[in-house]
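Dear colleague,

I am handing over the structure below, and I would be glad if you opened it before reading on. My notes on what was found in it follow.

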Amino acid sequence: GVETVPDSAAASAVTTIAPGALIPIDVADTMPVPLKRRAPTYSAAAKQLRLSGTVIMNVLVNDRGTVDQVVLVSGVPGADLNDAAMAAAKTWTYRPATKNGVPVKVWRSEQVAFKP
């Protein structure tokens, strides 16, 4: 036969998440929301070379909404655009992701487009 689980039993099966726990972004209840994003510096050298392209990074947004780590996924060859994008990303702030109402850490993909 089929057994039904009472709602109270299902609710107690919810896992308790510790504040600041690192979870996969796809299981978060709310995503991190960008609050403050300083634009990266488009250096004189990059302007002179007329470099353009998109820098893709993964950023670790902690439970306080600040960025703990930045990892380059793909970048723009030449000059210093990758470093500029990563340095800017480290200053960004977010409303942190949550799971079960608790702020948590998640990795999030970010892109910065550079145009001369």
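Predicted model: local features only at pLDDT ≥ 70, side-chain atom pairs only at ≥ 80, totals over all residues.

How many aromatic pairs does the count come to? It comes to one, and the partners in it are Y42 and F114. A pair of aromatic rings is described by the distance of the centres and the angle of the planes. For Y42 and F114 the centres are 5.9 Å apart and the planes stand at 25° to each other, and because planes under 30 degrees apart count as stacked, this pair is a stacked one. Y42 belongs to the loop between β1 (33-36) and α2 (44-48), whereas F114 belongs to strand β7 (residues 106-114), so the pair ties together parts that are 72 residues apart in sequence.

Turning to the whole chain, you will find three helices and seven strands, which follow the pattern α-β-α-β-β-α-β-β-β-β when read along the sequence. The protein chain has 116 residues, of which 34% count as buried, and its accessible surface comes to about 7,000 Å², with 55% of that belonging to carbon and sulfur atoms. If you take the contacts between residues at least 6 apart in sequence, 76% of them join residues at least 24 apart.

Technical notes
Residues numbered from 1 in each chain as written. Heavy atoms only, no water. Phe/Tyr/Trp six-rings, centres within 6.5 Å; stacked < 30°, edge-to-face > 60°. Helix = DSSP H or I, 4+ residues; strand = E, 2+ residues; numbered from the N terminus. Buried < 20%, exposed > 50% of the residue type's maximum accessible area, 1.4 Å probe, protein only. Contact = heavy atoms within 4.5 Å. Areas by Shrake-Rupley, 256 points an atom, 1.4 Å probe, with all protein chains shown as cover.
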